[in-house]
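Reader: I have a model open and would like to talk it through. Can we go from the overall picture down to single residues?

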Amino acid sequence: MVDSSGPEYRPGVAHVGVPSPDIGAAAAQEWTGTAAVPPRRPRPPVRYRVRRLTRGGEWSTLGVLFVGVCWGTWAISERGGNLIVPAVTLVLVLLVAAGLFALSRLLGRVILERSMGRVRRTAWPSHLLSAVFLAVAGVQYLRQTQWIVDGITWLRGVS
């Protein structure tokens with residue numbers, strides 16, 4: 001199957017390796033035992049790597065929106081008037097979600113790319129993991145909101 005998402009892909013053009021300019025020098029290095037390490041594959045451009053990171057970003061966006069609404073509900077119902085502590089908790093939750101995203105990307109790079117030799121074309125599993133964490137955090141904010149707990153208790157008593 002041909003990968004058409006890479007920047008090197010051009011339909012109708014065969015991929016041919018570039019010959020080395022001085023074959024005699026490379027042979028001499030091999031004979032003396034000073035041959036250099038083969039060059040690495042060229043890294044894709046930054047915009048291509050950023051585009052791969054944003055694929056699946058709707059999951060993280062949905063998680064941020066959900067935790068924001070739940071946090072807002074919790075913060076407004078606290079009635080203390082001081083929003084500094086609730087704002088710090090929201091920032092901490094978002095930082096932990098960003099760290100979880102970075103950790104899952106790092107693990108994917110080590111396991112999938114380096115160990116298994118696979119190419120990752122998207123970041124949706126990492127975004128989904130962050131969204132699940134944010135959804136759980138949002139539910140915890142709602143569980144600390146007294147009028148929502150009372151409403152759920154009342155609904156359970158009705159049925």
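This is a predicted model: local features need pLDDT of at least 70, side-chain atom pairs count only at pLDDT 80 or more; totals for chains, interfaces and linings use all residues.

Reader: What share of the residues counts as buried?

Author: The cut-off for buried is under 20% relative accessible area. The chain has 159 residues, and the share that counts as buried is 21%.

Reader: Of the contacts between residues at least 6 apart in sequence, what share joins residues at least 24 apart?

Author: Contacts here are counted between residues at least 6 apart in sequence. Among those, the share joining residues at least 24 apart is 73%.

Reader: Let's get to rings. How many aromatic pairs are there, and is the pair stacked, tilted or edge-to-face?

Author: The count comes to one aromatic pair. Tryptophan 74 and tyrosine 141 form it, with 5.0 Å centre to centre and 35 degrees between the planes. Planes under 30 degrees apart would count as stacked and over 60 as edge-to-face, so an angle between those limits has its own label. For tryptophan 74 and tyrosine 141, that label is tilted.

Reader: Which helices does that pair tie together, and how far apart in sequence are the two parts?

Author: Tryptophan 74 and tyrosine 141 are both buried. Tryptophan 74 sits in helix H3 (residues 57-77) and tyrosine 141 in helix H5 (residues 124-143), so the pair ties together parts of the chain 67 residues apart in sequence.

Reader: Which residues does valine 93 touch, leaving aside neighbours within four places in sequence?

Author: Valine 93 is found in helix H4, and its relative accessibility of 14% is under the 20% limit, so it counts as buried. Its C-alpha atom is separated by 8.9 Å from that of valine 67, 26 residues apart along the chain. With neighbours within four places left out, the contacts of valine 93 are Val67, Phe133, Leu134, Ala137 and Tyr141.

Reader: Is leucine 90 buried or exposed, and what does it touch beyond four places in sequence?

Author: Leucine 90 also lies in helix H4, and at 16% relative accessibility it counts as buried. Between leucine 90 and alanine 137, which are 47 residues apart in sequence, the C-alpha to C-alpha distance is 9.4 Å. Not counting residues up to four places away, leucine 90 touches Val67, Trp71 and Tyr141.

Reader: Now the polar side chains. Which side chain does serine 104 make a polar contact with, and at what distance?

Author: Serine 104 lies in helix H4 (residues 84-115) and is buried, with a relative accessible area of 16%. Leaving aside neighbours within four places, it is in contact with Ser126 and Leu129. The polar contact is with the side chain of serine 126, at 3.0 Å.

Reader: What about serine 60: which side chain is its polar partner, and at what distance?

Author: Serine 60 is found in helix H3 and is buried at 15% relative accessible area. Beyond four places in sequence, serine 60 touches His127, Ser130, Ala131 and Leu134. The polar contact runs to the side chain of histidine 127, at 2.7 Å.

Reader: Last one, on the surface: how much accessible area does the nonpolar patch with isoleucine 111 have together?

Author: Isoleucine 111 is found in helix H4 and is partly exposed, at 45% relative accessible area. The patch is formed by Leu103, Leu106, Leu107, Val110, Ile111 and Met116. Together, their accessible area is about 550 Å².

Key: Residues are numbered from 1 along each chain as its sequence is written. Side-chain values use heavy atoms; hydrogens and water are left out. Helices (H or I, at least four residues) and strands (E, at least two) are DSSP runs, numbered from the N terminus. Buried means under 20% relative accessible area, exposed over 50%, partly exposed in between (1.4 Å probe, protein chains only). A polar contact is a pair of N or O atoms within 3.5 Å; within protein, one must be able to donate a hydrogen and the other to accept it, and residues adjacent in sequence count only if both atoms are side-chain atoms. Contact means heavy atoms within 4.5 Å. Rings of Phe, Tyr and Trp (its six-membered ring) pair if their centres lie within 6.5 Å; planes under 30 degrees apart count as stacked, over 60 as edge-to-face and the rest as tilted. Patches are made of residues with over 30% relative accessible area and no salt bridge: like charges are joined within 9 Å, nonpolar side chains (Val, Leu, Ile, Met, Phe, Trp, Tyr) within 5 Å. Accessible areas come from the Shrake-Rupley method with a 1.4 Å probe; for residues, only the protein chains shown count as cover. A salt bridge is a side-chain nitrogen of Lys or Arg within 4 Å of a carboxyl oxygen of Asp or Glu.
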